[in-house]
Amino acid sequence: MTSKELTKLAVAALEDRKAEDVTVIDISEISPIADYFIIANGNSDSQVQALVENVEEELHKAGCSVKQREGNTGWVLLDFGDVIIHIFDKE
C-alpha cells in the first residue's frame, strides 16, 4: 500500500468517527521522517480514543500496523511509518 493510499484510508477512518478539522500535510519533499502528517481533532477524550481505535482497526484490516503510539489524553500520535497521525482533544 502506498503512503497516499494509507493516508486516504486513515482520513476516511477519522471522518467515519466525526473527526473535526482533518488536515493532511504532504511533507515528502521536506522530511525524511514521513510522507504525510494527518492532524485531526476530537471533542472529548472518549472521542479521541474512538478515533484512535478506528484508525488502528481500519489500517490493520488493510495490513498496516502502528509502529509507535504516544500519548493518552488530550493528544495521541500514531506512527505508521510514512504516515504520522496526530489526534488532539479540541480543548
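**Figure 1. Surroundings of Val55 in the predicted model.** In this predicted model, Val55 touches Ala10, Ala13, Leu14, Leu78, Phe80 and Ile85, when residues up to four places away in sequence are not counted. Val55 also belongs to the largest nonpolar core, a set of 21 residues in which Leu14, Val55, Leu78, Phe80, Ile85 and Ile87 have the most contacts inside the core. The elements that give two or more residues to this core are α1, β2, α2, β4 and β5.

**Figure 2. Helix α2 and its buried face.** Helix α2 comprises residues 45-61, and its 17 residues, at 1.5 Å a residue, should span 24 Å, which agrees with the 24 Å that separates its end C-alpha atoms. The buried residues of α2 are Gln47, Val48, Leu51, Val52, Asn54, Val55 and Leu59. Seen down the helix axis, these buried residues of α2 fall within an arc of 165°, so they line one face of the helix. An α-helix has 3.6 residues a turn, so residues three or four places apart point the same way. On the other side of α2, Ser46, His60 and Lys61 are exposed. The cover over the buried residues of α2 includes α1 (3-16), β2 (36-42), β3 (68-70), β4 (75-79) and β5 (83-89). Gly63, which follows α2, has a positive phi near 90°.

**Figure 3. Helix α1 and the elements that cover it.** Ser3, Leu6, Thr7, Ala10, Val11, Ala13 and Leu14 are buried in α1. These residues cover an arc of only 160° around the axis, which puts them on the same side of α1. Among the elements that cover the buried residues of α1 are β1, β2, α2 and β5. Just after α1, Lys18 takes a positive phi of about 65°.

Figure 4. Although Arg17 and Gln47 are 30 residues apart along the chain, their C-alpha atoms are separated by 7.9 Å. When residues up to four places away in sequence are not counted, Arg17 touches Gln47, Ala50, Leu51 and Asn54. With Asn54 there is also a polar contact between side chains, that of Arg17 and that of Asn54, at 3.4 Å.

Figure 5. Strands β3 and β4 run antiparallel and are joined by three bridges, and the bridge partner of Gln68 is Asp79 in β4. The hairpin of β3 and β4 has four residues between the strands, and in this hairpin Gly71 takes a positive phi near 85°. Strands β4 and β5 also run antiparallel, and five bridges join them; the bridge partner of Trp75 is Phe88 in β5. Three residues lie between β4 and β5 in the hairpin that they form, and Gly81 in its turn has a positive phi of about 85°.

**Figure 6. His86 in strand β5.** His86 lies in strand β5 and is buried, with a relative accessible area of 14%, a value under the 20% cut-off for a buried residue. Its neighbours, leaving aside those within four places in sequence, are Phe37, Ile38, Ile39, Ala40, Trp75, Val76 and Leu77, with each of which His86 is in contact. The side chains of His86 and Trp75 make a polar contact at 3.3 Å.

**Figure 7. Ile30 and Ser31 in the loop between β1 and β2.** Ile30 lies in the loop between β1 (20-26) and β2, and Ser31 has its place in the loop between β1 and β2. Ile30 counts as exposed at 71% relative accessibility, whereas Ser31, at 18%, counts as buried. A polar atom of the Ser31 side chain lies 3.1 Å from the backbone nitrogen of Ile33. The C-alpha atoms of Ile30 and Cys64, which are 34 residues apart along the chain, are separated by 24 Å.

Terms used
Residues are numbered from 1 along each chain as its sequence is written. This is a predicted model: local features need pLDDT of at least 70, side-chain atom pairs count only at pLDDT 80 or more; totals for chains, interfaces and linings use all residues. Side-chain values use heavy atoms; hydrogens and water are left out. The expected span of a helix is 1.5 Å times one less than its number of residues. Buried means under 20% relative accessible area, exposed over 50%, partly exposed in between (1.4 Å probe, protein chains only). The arc is that of the directions from the helix axis to the C-beta atoms. Contact means heavy atoms within 4.5 Å. Two strands pair if DSSP finds at least two bridges between them. A polar contact is a pair of N or O atoms within 3.5 Å; within protein, one must be able to donate a hydrogen and the other to accept it, and residues adjacent in sequence count only if both atoms are side-chain atoms. A nonpolar core is a set of buried Ala, Val, Leu, Ile, Met, Phe, Trp, Tyr and Cys residues joined through side-chain atoms within 4.5 Å.
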